[in-house]
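Welcome, and please open your viewer. We will go from one selection to the next and look at what is there.

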Amino acid sequence: MNKQTPTLLIRLWRSLWTTLRHAWAKRETVSYPEVKRPLPGRWRGRIVLTRDPDGEERCVACYLCSAVCPVDCIHLQATQRADGRRYPETFRIDFSRCIFCGFCEEACPTLAIQLTPDFEMCERSHNELVYEKEQLLIDGQGKHVGYNFYRHAGIAIFGKAIGEGVCDTPPVDHDTNLP
Amino acid sequence: MNVAQWLLTLASLGLVLLGLVLVAAFMIYGERRILALLQDRLGPNRAGPFGLLQPVADILKLISKENFVPPFADRMVYTIAPVIVPLTVLLSFAVVPVSEDWWLADLNIALLYVLALSSLRVYGLILGGWSSNSKYPLLGGLRSAAQMISYELPMGLALVGVVMLSGSFSLKEIVAAQTLPFIVLQPLGFIIFLVCGIAETNRLPFDLPEAENELAAGYNTEYGGIQFAFFYLGEYLGILLIAALVTLLFLGGWHGPWLPGVVWFALKTLALIFLFFWLRTSLPRLRYDQLMDFGWKVMLPAALLNLLMTAGLGLFWMEN
């Protein structure tokens, strides 16, 4: 017995009492499938391809998402409609490689590719995690309601001449400014 | 003995074996739930009602795993070591009476037999650590050897006081002698035996041979599947044995008012098992040298003092 013994016993009892008190404390465990914690609003989960307000695909197959993807999990093949509008013929995301970094969403010039607050995508095999365009393309507009790339872009397309866009003013004939 | 008696003995042995293994399995479940209770968690609650089928799932998983022997291991010793641990503990249970009428064998050297087997149990850990032939198991085995040497002596000496008071080595007669539980007459002996018992079973705060934070899993790092399950079984049966022994030797065994003896025995044993689990959540692990220091410099002198006082007071009482 040395002179530390009494404090040692007190410390021993204190740690025992501390853990015993926690028997009545609130549980920290969340029983997951029954109880779901609220996800943060900007949660980066399952990737979708959205449509514009007219119901057309927003994606113009520019390959920027595929290029920026750090794990190279996005593969697409561009093609053109008769009116000259580009769209992806195939669009494939391998979610077994995807790291949900959200770079594709940031790179997308037409706000087509978006990350959603859904993370429950378990599958039995890797192959089932490869999502094709049918699985990726949704019927809604996602986070950016009312946005249509072609109404903002300064190029002429079928049904819209240059200067008829949402934020545009008609082009000015510079020659009229001459004296 | 005729054939019927032999069969009866074998059947009761099988029943006790099955019962003990089941109790050990459910102790693992109980420990996980109690640890969770004291750590603000829920613990295993998925398999069956309240997760009660968790031990079944665990056992099935461990049995179905591959029985792998590392190529660098000493094959024979490596295979034998995990068998030694539960075997010696199960053999000790032969002399543990559960109540006045329920007992398997009433040896007149029961206490010595239990002590001998508990020393043999350490061979399982040392040989397992040695034969694994890799660094962490070796360190774990080494530590268990040091721990055994440090704690066998005070443990045995603490029991001499009990034997002096009851005048017998038989556990049945020791319980019968306890009109007053020996914890009242031998408080120091009780504490020494309990602490040494915790050290014997390699439980926190004395779980140095396992020490998962610094030694991966200590002596059983290389083990897997059913061999790992054997080590685990031995550990939990060891807890049960120490709790039962403390109950029998110091807490009056099956003595108690109103309830039948078996229930009293079970309640006291369960309370002690809860203490084992409670200590595990609460206390940090001792260092190697602290453990040896405590064993040799505190426990051994205290046990000797207890022995001396018991003998002196007994002599004084007998003279007058």
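Start by selecting helix H4 (residues 110-131) and helix H5 (residues 135-166) of chain B: their axes come within 8 Å and cross at roughly 175 degrees. Axes here are lines fitted to C-alpha atoms, for helices over the stretch in contact, and angles run from 0 to 180 degrees between N-to-C directions. H4(B) and H5(B) are therefore roughly antiparallel (an angle over 145 degrees). Helices are DSSP runs of H or I with at least four residues, numbered from the N terminus.

Next, show the side chains at this contact. On H4(B), pick residues including Leu111(B), Leu115(B), Val122(B) and Trp130(B); on H5(B), pick among others Leu138(B), Met148(B), Glu152(B) and Val163(B). Residues are in contact if their C-beta atoms, placed from the backbone, lie within 7 Å. The contact divides into 13 nonpolar, seven polar and one charged residue (Ala, Val, Leu, Ile, Met, Phe, Trp, Tyr, Cys and Pro are nonpolar; Asp, Glu, Lys and Arg charged; the others, Gly among them, polar).

Before moving on, note that this is a predicted model: local features need pLDDT of at least 70, side-chain atom pairs count only at pLDDT 80 or more, and totals for chains, interfaces and linings use all residues. Residues are numbered from 1 along each chain as its sequence is written, while chains are lettered from A and ligands numbered from 1 in the order in which they are written.

Now colour chain B by domain: domain 1 (20-64) and domain 2 (66-319), with bounds from an automatic or database domain assignment. Their centres, taken over C-alpha atoms, are separated by 23 Å. Where they touch, 14 residues of domain 1 of chain B contact 17 of domain 2. On the domain 1 side, H1(B) gives the most, with ten residues.

Conventions: Helices (H or I, at least four residues) and strands (E, at least two) are DSSP runs, numbered from the N terminus. Angles under 35 degrees count as roughly parallel, over 145 as roughly antiparallel, 65 to 115 as roughly perpendicular and the rest as oblique. Two residues are in contact if their C-beta atoms, placed from the backbone, lie within 7 Å.
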